[in-house]
Amino acid sequence: MTEPIKFAIVGAGWRSDFYLRVAKALPERFAVTGVLMRNAEKADAVREAWGVPAFVGTLDDLLRDKPSFVVTSVPWPVNPGLLSELAERKIPALSETPPAPDVAQMLALWDKVGATARIQIAEQYPFQPLHAARIALAASGKLGTISHAYVSAAHGYHGVALIRRLLGVGLEPVAINAQKLVSDIIAGPGRNGPPAEEQTVRSEQVIATLRFEGGQSAVFDFTGDQYFSWIRSARILVRGDRGEINNVDVRYLQDFGTPIQTTLVRRDAGQIGNLEGYHHIGYMAGDSWVYRNPVAPGRLSDDEIAIADSLLRMGEYAAGGPGFYNLADGFHDHALGIAIDQAAASGSEVRTDRLPWDR
């Protein structure tokens, strides 16, 4: 039987709990060797809630049990220094997004650790089951050459990560035009749960067009309410010269005279008399699997499945395997997200330069 992947965590915020939930749900796959934080009361709470070592101390203390890698789940301004220290110690790091708060600090971190540091980014959106199914289908060739993506599913760097994966583009410069729209909405749930009363709030939407150096185009469209809202849904469109994905509807040409229409169908166990236990299995298009859950039969949400996928990949990477979302990817996604905000604020086109991580 394969030993669980051992990892440690720095930080005890909202995102850290996702890693702890995954490890608790899949003890045969993952083991948390320790959680390092600055607050003793929080450390007591983490130990009681999750049954893992949690303490106020130093990196030396955290590394004593020899984790395969360290997850950095800390405030944005703290992350570059922590990643630098782990790189100096040659400890593999899985960084929560983004790896640095702004372009200046990204450039400084790249200059310090560059491509040599053993850092991967926990950009989970491309590994969420439905997004992963779409990305796999877009890369399969069935839709032909992919030229356009419309993504209304996630903010900033997360949305950009989906766009780049769906289009299959690299770290090239982009021309961006954007605008911000404001409207009213009845407030919905947030991180702390459902609303206590009806309240009208202002909703901000950013719409941007992106034109990549290679000729591909994209529309980024997001309103902050979408993550938790009961009344604002995600929308994804991917177009190639032989077909398209429109949310879960798939159309493509088998040959020039034979159109095929199918649907991305979610398969879950544990429903309608099925006794396998409730869990996500994967997505099918027609008679083919386009995505299989790598941690089935773990009972996890889609976002937790994506984090578990990142942890599995990070375990392989730390053992000498291939990378899956490197520092350059994380920097580039965040730089384009910042450029979208700049274009929306200025009302003028923003053209990104070729940055050091693409030289």
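**Exercise 1. Is Glu-85 buried, partly exposed or exposed, and at what relative accessibility?**

Solution. Start with the ground rules: this is a predicted model, where local features need pLDDT of at least 70, side-chain atom pairs count only at pLDDT 80 or more, and totals for chains, interfaces and linings use all residues. Residues are numbered from 1 along each chain as its sequence is written, and side-chain values use heavy atoms, with hydrogens and water left out.

Next, the cut-offs: buried means under 20% relative accessible area, exposed over 50%, and partly exposed in between (1.4 Å probe, protein chains only). Glu-85 comes out at 32% relative accessibility, so it counts as partly exposed.

**Exercise 2. Work out which salt bridges Arg-89 makes.**

Solution. You need a side-chain nitrogen of Lys or Arg within 4 Å of a carboxyl oxygen of Asp or Glu.

- Step 1: Glu-85 is one partner of Arg-89, with the closest N and O atoms 3.5 Å apart.
- Step 2: Asp-60 is a partner too, at 2.7 Å, N to O. This pair links distant parts of the chain: Asp-60 is in helix α3 (residues 59-63), and Arg-89 is in the loop between α4 (79-88) and β5 (93-95), 29 residues apart. Helices (H or I, at least four residues) and strands (E, at least two) are DSSP runs, numbered from the N terminus.

**Exercise 3. Classify the ring pair Trp-110 and Trp-357, then do Phe-127 and Phe-324.**

Solution. Rings of Phe, Tyr and Trp (its six-membered ring) pair if their centres lie within 6.5 Å; planes under 30 degrees apart count as stacked, over 60 as edge-to-face and the rest as tilted. That rule gives 10 aromatic pairs.

- Step 1: the Trp-110 and Trp-357 rings have centres 6.4 Å apart and planes at 75 degrees, so call the pair edge-to-face. Trp-110 sits in helix α5 (residues 103-113) and Trp-357 in the segment after β17 (350-351), 247 residues apart. Both Trp-110 and Trp-357 are buried.
- Step 2: for Phe-127 and Phe-324, the centres are 6.3 Å apart and the planes at 55 degrees, so this pair is tilted. Phe-127 lies in the loop between β6 (119-121) and α6 (129-139), and Phe-324 in the loop between α8 (302-318) and α9 (327-346), so the pair ties together parts 197 residues apart in sequence. Phe-127 and Phe-324 are buried.
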